[in-house]
Amino acid sequence: MANPEDNPKLHALGFAVSSKVPTHWYNLVADFPEPMPPYLNPRTHEPVQPADLEPLFPKSLIAMEMSQERYIEIPQRVRELYSTYRPSPLFRAHNLEREIGTNARIYYKYEGNSPAGSHKPNSALAQAYFNAIEGTTRLTTETGAGQWGASLSMACALLGLTAEVWQVRASYDSKPYRRMQMEVYGAQCHPSPSQLTEAGRVLLEQDPQTSGSLGMAISEAVESAVGDPHAHYALGSVLNLVLIQQSVIGEEALVQLQEAGETSAPNVVFGCAGGGSNLGGLAAPFIGQNLREGTSTRVVACEPASCPSMTQGEYRYDYGDTAGLTPMMKMYTLGHDFVPDPIHAGGLRYHGMAPMISHAYHLGLMDAKAFAQEDTFAAGVEFARAEGIIPAPESTHAIAGALTYLRDGENHDDEVVLIGLSGNGVLDLPAYHQVLGGQERPA
């Protein structure tokens with residue numbers, strides 16, 4: 001087999017690295033007042049060991065998943081790739097402030113400027129890089145709305161790997177442009193559940209008309225990876241390593257707020273919550289600052305009412321996928337066989353919440369609220385008409401959380417409110433069209 005280090009795509013190609021691109025990822029695990037519960041082997045129910053994860057991930061990512069270090073250096077090649085869109089902009093929402101009549105200062109951290117249109121490349125580029133340097137040639141993954149599938153497809157194209165994506169059928173059917181985006185990057189995209197895996201065939205036999213779920217798609221992608229010695233699996237959310245790689249969002253925001261003249265920490269941070277990647281990436285550095293420096297930033301996870309894992313789920317061990325192939329994780333969960341309604345925010349249709357976020361919520365380090373689809377799209381339209389950016393359906397949950405808070409009748413003068421705008425909604429315009437036309441799906 002050729003030496004992976006001979007691959008020119010792994011080395012510098014003349015990109016300029018901005019001095020403002022973070023040099024290290026942040027790991028909230030290091031600052032927790034109580035350790036996170038360990039993952040469990042799905043067969044033995046004993047704590048997972050590194051060797052248990054080697055069929056799925058390269059050793060470097062396994063080490064990151066289990067790391068207790070506060071800061072982990074970002075490889076130079078990944079920083080070069082980041083520099084094509086990072087640091088992502090932090091905007092003051094002056095127009096929105098005027099529209100709603102608030103004296104609070106509203107900021108939003110905009111991740112929709114990435115080539116794939118969302119925050120997902122922050123982890124996709126890193127995972128593809130670490131796989132490539134260890135000789136992996138093919139990555140399999142799941143995707144909901146398609147932001148993660150598109151991002152991993154792009155990352156594989158840039159770093160010389162091939163990608164195969166199982167997309168939740170509800171989104172595969174309703175969001176064809178995301179599938180086309182993956183195909184432009186050279187990836188294969190299948191609706192899930194499919195006839196291509198044993199897990200998919202069993203699920204289709206049980207319910208041929210199923211709309212699918214992220215848990216089902218994960219089962220298929222994991223099965224495909226484990227059966228190929230040249231392949232690994234890449235996960236777009238939930239795992240510690242993903243939230244660590246997404247921490248560039250919050251790290252940049254900390255600096256950018258200071259550069260904007262804010263001398264104290266924000267009062268409230270709102271992020272959309274599905275599996276936890278965007279929320280964790282935005283919020284973890286602020287929670288860490290609270291723990292280390294005694295600041296009091298409140299973090300609010302904004303989740304869909306149709307898939308309320310934090311506000312209505314149980315905090316217990318559960319599988320990360322429907323077929324029970326993944327390690328068991330202690331998290332807020334609705335059950336690994338839960339199939340949510342096929343809402344437009346396909347990226348938030350996961351049955352559980354990232355163990356890192358779940359642990360923070362369990363310890364009282366953050367809050368959570370659920371919002372109906374009708375309310376989130378109303379907030380997204382209001383934001384678009386004030387600020388000009390059409391948010392992804394997932395991001396509208398964070399906007400709805402912020403607007404609800406600022407309109408609660410309390411005095412929010414001189415407060416600083418930060419919204420995580422995880423992606424743009426350009427490829428989600430049919431959803432907006434459907435909502436504006438009154439053809440609303442169940443919330």
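Is Ala400 buried or exposed, and at what relative accessibility? At 4% relative accessibility, Ala400 counts as buried; here buried means under 20% relative accessible area, exposed over 50%, and partly exposed in between, with a 1.4 Å probe and protein chains only.

This is a predicted model, in which local features need pLDDT of at least 70 and side-chain atom pairs count only at pLDDT 80 or more, while totals for chains, interfaces and linings use all residues. Residues are numbered from 1 along each chain as its sequence is written, and side-chain values use heavy atoms, with hydrogens and water left out.

**Around Ala400**

Ala400 belongs to helix α17. Helices (H or I, at least four residues) and strands (E, at least two) are DSSP runs, numbered from the N terminus. Leaving aside neighbours within four places in sequence, Ala400 is in contact with Phe371, Asp375, Thr376 and Ala379, where contact means heavy atoms within 4.5 Å. Phe377 is 23 residues from Ala400 in sequence, and their C-alpha atoms are 8.3 Å apart in space.

An open sheet is formed by 6 strands in the order β3-β4-β14-β9-β10-β13, with mixed pairing. Two strands pair if DSSP finds at least two bridges between them. The edges are β3 and β13 (367-371), each of which pairs on one side only. On average, neighbouring strands of this sheet are turned by 25° against each other, direction ignored. Axes are lines fitted to C-alpha atoms, for helices over the stretch in contact, and angles run from 0 to 180 degrees between N-to-C directions.

Within the sheet, strand β9 (residues 268-272) pairs with strand β10 (residues 298-304) in the parallel sense over 5 bridges. Val268 has Arg298 as its bridge partner in β10.

Helix α12 (residues 248-259) lies across β3, β4 and β14 and runs at about 140° to β4. Helix α13 (residues 277-293) lies across β4, β9, β10 and β14, at about 160° to β9.

**Salt bridges**

Side chains of opposite charge can pair when their charged atoms come close. There are 18 salt bridges in the structure, each being a side-chain nitrogen of Lys or Arg within 4 Å of a carboxyl oxygen of Asp or Glu. The table lists some of them.

| Pair | Closest N to O |
|---|---|
| Arg105 and Asp414 | 2.7 Å |

Arg105 forms a salt bridge with Asp414. This pair links distant parts of the chain, 309 residues apart: Arg105 is in strand β4 (residues 105-110), and Asp414 is in the loop between α17 (395-406) and β14 (416-421). Arg105 is buried, with a relative accessible area of 19%, whereas Asp414 is exposed at 55%.

Asp228 lies in the loop between α10 (214-226) and β8 (231-233) and Arg138 in strand β5 (residues 138-143), so the pair ties together parts that are 90 residues apart in sequence. Arg138 is buried, with a relative accessible area of 15%.

Lys175 is buried at a relative accessible area of 5%, and Asp428 counts as buried at 1%.

A network of salt bridges links Arg86, Lys109, Glu111 and Glu252.

**Aromatic rings**

The whole structure holds 11 aromatic pairs. Rings of Phe, Tyr and Trp (its six-membered ring) pair if their centres lie within 6.5 Å; planes under 30 degrees apart count as stacked, over 60 as edge-to-face and the rest as tilted. One of the pairs is Phe91 with Tyr108, which is tilted, at 5.4 Å centre to centre and 45° between the planes. Phe91 is in strand β3 (residues 90-92) and Tyr108 in strand β4, 17 residues apart. Phe91 is partly exposed, with a relative accessible area of 33%, while Tyr108 is buried at 3%.

Tyr315 and Tyr332 form a stacked pair, 4.8 Å centre to centre with 25° between the planes. Both Tyr315 and Tyr332 are buried. Trp25, Tyr129 and Phe130 form one aromatic cluster.
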